[in-house]
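Colleague: I am new to this structure. Could you show me how to read its helix packing and its charged pairs?

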Amino acid sequence: MKMSVILGKKQIILASLVTILGIAVYLNYIFTDTGNADLLTASSSETTQSGSEETERYGEAQLTGAEVSESDYFTEARLSRRKARDEAIETLAQTLGAEQTDDGEKELAAEKALAVSAQIESENKIETLVKAKGFTECLAYVDSGSARLVVQTEGLTAETANQIKNIILEETGLSAENISIEEING
């Protein structure tokens with residue numbers, strides 16, 4: 001018995017969008033730094049001394065630093081952004097994969113997935129290009145109508161601000177009044 005699979009136009013588009021979304025999530029994972037999440041560390045054993053006896057507490061979280069430096073800000077912000085995006089992507093993937101979802105809802109979810117993918121790609125490109133200009137840390141947020149960049153610098157001159165704004169303009173196509181640049185002294 002020979003099984004034949006008939007692929008319709010919608011199934012091909014859906015498979016393409018899911019593939020693009022997967023690639024975008026992978027690229028976002030590769031290009032963001034997650035190695036410095038050391039504000040909270042799990043302590044395998046913490047030993048305290050009270051008089052002459054020792055007590056051990058296993059599996060408790062230990063706060064290792066109360067101050068948040070600028071680099072920790074960027075790490076925390078990237079982790080937060082990734083977590084929010086991963087949750088949104090998971091919800092969209094569940095909507096696309098659900099059998100009881102009608103075609104209109106699937107098309108809307110596919111459009112949203114494509115928009116999220118485009119935002120992730122734009123943010124990664126902007127961050128890479130700004131870092132290529134000599135900045136050590138930056139973080140881009142791109143929405144459908146605005147873009148915001150947080151950059152670590154000792155002082156932002158008008159010339160470098162214009163260079164950054166031009167990078168964002170070229171990548172997003174937004175108007176200049178919808179772009180904001182915030183600096184964190186580092």
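**Helix packing and salt bridges**

Modeller: Start with a handedness: H3 passes H4 in a right-handed crossing. Keep in mind that this is a predicted model.

Colleague: How are two packed helices described?

Modeller: Two packed helices are described by the angle between their axes and the distance between those axes. Here the axes of H3 (residues 103–132) and H4 (residues 158–172) come within 10 Å and cross at roughly 150°. Angles over 145 degrees count as roughly antiparallel, so H3 and H4 are roughly antiparallel to each other.

Colleague: Which residues in H3 and H4 meet?

Modeller: From H3 come Ser-122, Lys-125, Ile-126, Leu-129 and Val-130. They meet Ile-164, Ile-167, Ile-168, Glu-171 and Thr-172 in H4. By class, the contact has six nonpolar, two polar and two charged residues.

Colleague: Now the charges. How many salt bridges does a search of the whole structure find?

Modeller: Side chains of opposite charge can pair when their charged atoms come close. The search finds six salt bridges. One pairs Glu-123 with Arg-81, with the closest N and O atoms 3.4 Å apart. This pair links distant parts of the chain, with Glu-123 in helix H3 and Arg-81 in helix H2, 42 residues apart.

Colleague: Are Glu-123 and Arg-81 buried or exposed?

Modeller: Glu-123 is buried, at 2% relative accessible area. Arg-81 is buried too, at 8%.

Colleague: What about Lys-125 and its salt bridge?

Modeller: Lys-125 pairs with Glu-121, the closest N and O atoms being 3.3 Å apart. The two are four residues apart in helix H3, so about one helical turn separates them. Lys-125 is partly exposed at 38% relative accessibility, and Glu-121 is partly exposed at 41%.

Definitions and conventions
Residues are numbered from 1 along each chain as its sequence is written. This is a predicted model: local features need pLDDT of at least 70, side-chain atom pairs count only at pLDDT 80 or more; totals for chains, interfaces and linings use all residues. Side-chain values use heavy atoms; hydrogens and water are left out. Axes are lines fitted to C-alpha atoms, for helices over the stretch in contact, and angles run from 0 to 180 degrees between N-to-C directions. Angles under 35 degrees count as roughly parallel, over 145 as roughly antiparallel, 65 to 115 as roughly perpendicular and the rest as oblique. A crossing is left-handed if the near helix is turned anticlockwise from the far one by less than a right angle, and right-handed if clockwise. Contact means heavy atoms within 4.5 Å. Ala, Val, Leu, Ile, Met, Phe, Trp, Tyr, Cys and Pro count as nonpolar, Asp, Glu, Lys and Arg as charged, and the others, Gly among them, as polar. A salt bridge is a side-chain nitrogen of Lys or Arg within 4 Å of a carboxyl oxygen of Asp or Glu. Buried means under 20% relative accessible area, exposed over 50%, partly exposed in between (1.4 Å probe, protein chains only).
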